[in-house]
Amino acid sequence: RKKAIFGGIRKHLGKVLHELAVQKGCQIVEGHLQSDHVNMCISIPPKHSMSYAVRYIKDKSAISIARKF
């Protein structure tokens with residue numbers, strides 16, 4: 001794995017993940033940003049499937065990182 005989550009990306013990614021979760025009515029209960037991956041415990045409302053919420057957060061956060069960095 002490429003060690004890519006550090007410095008400015010790490011700070012930006014934390015804010016973006018929380019904002020995206022709120023947009024879908026989810027709540028990040030616990031999360032850890034390691035240097036090569038992200039671990040999160042997310043509370044997802046029953047109206048969204050787990051795969052939909054995670055896919056949405058991953059897609060939009062990747063686009064945000066690509067645009068800014």
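Reader: Is Gln 23 buried or exposed?

Author: Burial is read from relative accessible area: under 20% is buried, over 50% exposed, and in between partly exposed, with a 1.4 Å probe and protein chains only. Gln 23 counts as exposed because its relative accessibility is 53%. This is a predicted model, where local features need pLDDT of at least 70 and side-chain atom pairs count only at pLDDT 80 or more, while totals for chains, interfaces and linings use all residues. Residues are numbered from 1 along each chain as its sequence is written, and side-chain values use heavy atoms, leaving out hydrogens and water.

Reader: Which side chain does the side chain of Gln 23 join in a polar contact?

Author: A polar contact is a pair of N or O atoms within 3.5 Å; within protein, one must be able to donate a hydrogen and the other to accept it, and residues adjacent in sequence count only if both atoms are side-chain atoms. Here the partner of Gln 23 is Tyr 56, at 2.8 Å. The ring of Tyr 56 also has the charged end of Lys 24 over it, 4.5 Å from the ring centre; the test is NZ of Lys or CZ of Arg within 6 Å of the centre and within 35 degrees of the ring normal.

Reader: And His 12, is that buried or exposed?

Author: His 12 is buried, because its relative accessibility is 14%. Its side chain makes a polar contact of 2.8 Å with the side chain of Ser 64.

Reader: Which residues make up the largest nonpolar core?

Author: In soluble globular proteins, nonpolar side chains tend to be buried together. A nonpolar core is a set of buried Ala, Val, Leu, Ile, Met, Phe, Trp, Tyr and Cys residues joined through side-chain atoms within 4.5 Å. The largest one here has 12 residues, among them Leu 17, Cys 26, Tyr 56 and Ile 57. Helix H1 (7-23), strand S1 (27-33) and helix H2 (50-68) each give two or more residues to this core; helices (H or I, at least four residues) and strands (E, at least two) are DSSP runs, numbered from the N terminus. The largest share, 5 residues, comes from H1.

Reader: How many disulfides does the whole structure hold?

Author: A disulfide is a pair of cysteine sulfur atoms within 2.5 Å, and the search finds 0. The closest cysteine sulfur to that of Cys 26 is in Cys 41, 12 Å away, so the two are too far for a bond. Cys 26 is buried, at 7% relative accessible area, whereas Cys 41 is partly exposed at 40%.
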